[in-house]
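Dear colleague,

My notes on what was found in it follow directly after.

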Amino acid sequence: MRPGTGVPSGLTNQRSNVNRLTAENVTLAYDQRVIAERLSVEIPDNSFTVIVGPNACGKSTLLRALSRMLKPADGRVLLDGAVIQSMPAKQVARTLGLLPQSSIAPDGITVGDLVGRGRYPHQGLLRQWSAEDERVVQESMAQTGVAELAERYVDELSGGQRQRVWIAMALAQQTPLLLLDEPTTYLDIQHQIDVLDLCAELHEEQGRTLVAVLHDLNHAARYATHLIALRDGEIIAEGAPGDIVTADLVERVFGLRCQVIDDPETGTPLVVPAARRARGAGPAPARAAATKVS
Amino acid sequence: MRGPGGLSFRLDVRAVVVVALLLVVALAASVLLIGTGDFDIPAADVLRTLFGGGNAGQEFIVNELRLPRVLVGLLVGAALGVGGALFQAISRNPLGSPDVLGLGQGATAGALTMIVLFSGSSAQVTFGALAGGLITGTAIYLLAWKRGVHGYRLVLVGIGVSAIVTAVNGYLLTRADIVDASRAVVWMTGSLNGRDWDQVWPLLALCAVLVPLVLGNGRALRMMEMGDDVSYALGVRVERVRALLMVAAVLLTAAATAAAGPVSFVALTAPQLARRLTRSPGPNLLPSLCMGAALLVGADWVSQRAFGADQLPVGVVTGVVGGVYLLWLLVTERKAGRI
């Protein structure tokens with residue numbers, strides 16, 4: 001079983017007791033549509049935090065706010081004690097990396113070039129490319145297992161390889177905090193596990209703080225050290241998966257009746273949806289939610 | 001394999017060679033163009049005259065008549081090349097170039113208003129074209145704006161605006177008498193005939209300010225190719241860079257159009273050709289600039305050679321070349337399954 005939250009290993013915590021990335025009473029909205037109101041979240045330093053919840057619960061929106069893509073309508077997001085919007089863009093980019101859901105590989109770009117672009121926040125007009133950049137790019141490609149693809153075109157790669165390349169680009173940014181928005185979407189099961197293993201490695205071996213939005217509750221329970229369960233823009237529960245994932249919680253968050261058993265491989269909670277007959281006359285929304293969680 | 005200098009070094013070599021070659025081509029075409037006309041001057045004499053060693057007759061023809069025309073050609077080509085590269089990079093679409101977006105039509109509307117309604121002087125026509133281009137550019141930007149400008153919306157809005165302005169232009173032309181109408185049609189084709197130093201200086205000043213500004217933001221623009229989210233994550237202030245570069249691109253395109261008329265397809269083709277030569281992703285701003293200059297002056301030389309001095313406006317040649325290129329682009333993109 002994985003260690004719980006607040007493991008003080010790896011990177012040094014700049015100010016003890018206060019986590020580096022927090023949201024205080026944020027109201028998140030797109031135009032007039034309010035997704036979450038007065039939401040407060042702390043990302044424990046050195047954790048692998050995973051945000052879960054049904055579709056449209058605001059998990060990606062929360063991640064966008066934490067990564068300053070979305071300006072809160074009210075409240076504030078703090079990075080190292082400063083309001084994230086007020087910080088110089090490149091300074092944020094050296095501290096906090098993001099792997100967004102949508103990214104475009106430019107036509108005819110090679111893997112090496114794409115990963116190299118992750119060095120942008122460390123460069124300036126006068127300092128465009130250094131031996132250090134080269135070293136970090138090689139290292140990032142080696143860590144994600146794409147070093148041998150360096151000269152290949154990104155368009156030619158498979159979905160799983162491409163996701164590794166984008167992760168390598170985010171790694172080349174060398175940020176202690178890394179946010180990933182549904183990094184396993186559109187991947188086969190073996191590539192999903194592959195990407196999650198890579199994330200766990202980055203967290204455990206390099207002490208990076210990871211925050212990911214995941215669809216699959218079982219993946220979340222297996223890999224997260226800290227789980228945040230969100231529904232309708234509200235945090236229903238947070239903590240170590242082993243402490244909070246219960247049949248009751250899954251029913252409250254996803255509207256799905258289920259059993260929670262021990263994962264025979266890792267001992268983490270494993271959610272087994274109740275058989276169709278057992279759920280039988282369940283309410284319609286529960287059934288809709290059940291089909292989407294997978 | 002990558003050399004010790006790293007990957008940016010390797011890419012730069014090819015781009016630098018391309019830029020150098022295009023500059024040589026542009027300058028060579030310029031010298032040939034200066035030597036071409038009713039009174040042909042050999043290239044060697046042109047060079048000698050340019051460096052102050054010619055006889056009085058040659059000096060007048062070269063420095064007063066033909067040099068400013070060629071300089072306008074170089075500057076217009078450069079401005080259209082870099083303006084096109086900016087638009088295409090911002091819209092992430094090769095069709096997002098000023099020709100398609102209706103900036104040329106907007107400038108034409110301004111110029112036609114001056115010619116047809118006010119029978120304006122050439123300075124007033126230039127001013128009208130500039131104003132028309134700027135107004136159209138602003139309108140497109142405002143209409144396409146919705147939490148950031150997105151490629152397809154920009155292209156579609158541009159096409160819509162272009163259609164409206166084209167209709168206005170048609171109306172203005174039907175209102176014109178025969179003298180104004182023929183003047184308008186010549187202007188609308190895009191021509192370098194009769195350009196003098198008065199057109200060179202403002203264009204040169206504008207390029208001297210905007211081109212360094214644009215090149216300074218080239219790296220941020222390169223990041224923006226990967227989508228707004230990724231570039232935000234990398235620390236690019238996406239909206240600010242985009243607004244700044246749009247303004248620069250509209251100014252460059254409008255000024256070029258005001259100076260030489262809506263020379264068609266240079267802004268569309270120059271960045272694409274440059275990109276195929278450098279074989280590198282990214283906006284390829286400097287190669288596009290040089291390609292634009294080389295294309296325009298080269299096309300002008302071809303039209304002068306083939307059809308005689310001042311017979312065929314340069315816009316006809318760039319239109320034919322650009323049209324053929326556009327078809328080829330559509331066919332190859334289709335084969336590659338992108339459209």
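**Salt bridges and the sheet of chain A**

The side chains of Glu24(A) and Arg76(A) form a salt bridge, with N and O 3.0 Å apart (a salt bridge being a side-chain nitrogen of Lys or Arg within 4 Å of a carboxyl oxygen of Asp or Glu). Because Glu24(A) belongs to strand β1 of chain A and Arg76(A) to strand β4 of chain A, the pair ties together parts that lie 52 residues apart in sequence. Over all chains, a search of the whole structure finds 17 salt bridges.

Before going further, please keep in mind that this is a predicted model, in which local features need pLDDT of at least 70 and side-chain atom pairs count only at pLDDT 80 or more, whereas totals for chains, interfaces and linings use all residues. Residues are numbered from 1 along each chain as its sequence is written, chains are lettered from A and ligands numbered from 1 in the order in which they are written, and side-chain values use heavy atoms, with hydrogens and water left out.

Four strands of chain A make up an open sheet in the order β2-β1-β4-β5, with antiparallel pairing (strands pair if DSSP finds at least two bridges between them; helices are DSSP runs of H or I with at least four residues and strands runs of E with at least two, numbered from the N terminus). At the edges stand β2 (33-43) and β5 (82-83) of chain A, each with a single partner strand, so one side of each is left without a neighbour in the sheet. Strand β4 (residues 74-79) of chain A pairs with β5(A) over two bridges in the antiparallel sense, and Leu78(A) stands opposite Val83(A) of β5(A).

**Interface of chains A and B**

Chain A gives 40 residues to the contact and chain B gives 29 (contact meaning heavy atoms within 4.5 Å). The area buried between the two chains is about 2,900 Å², of which 54% comes from carbon and sulfur atoms (buried area being the accessible area, with a 1.4 Å probe, that two parts lose on being put together, summed over both). Arg117(A), Tyr120(A) and Glu151(A) supply 24% of the area that chain A buries against chain B, more than any other three residues.

Between chain A and chain B the count is two salt bridges; Asp229(B) forms a salt bridge with Arg64(A), in which the closest N and O atoms are 3.0 Å apart.
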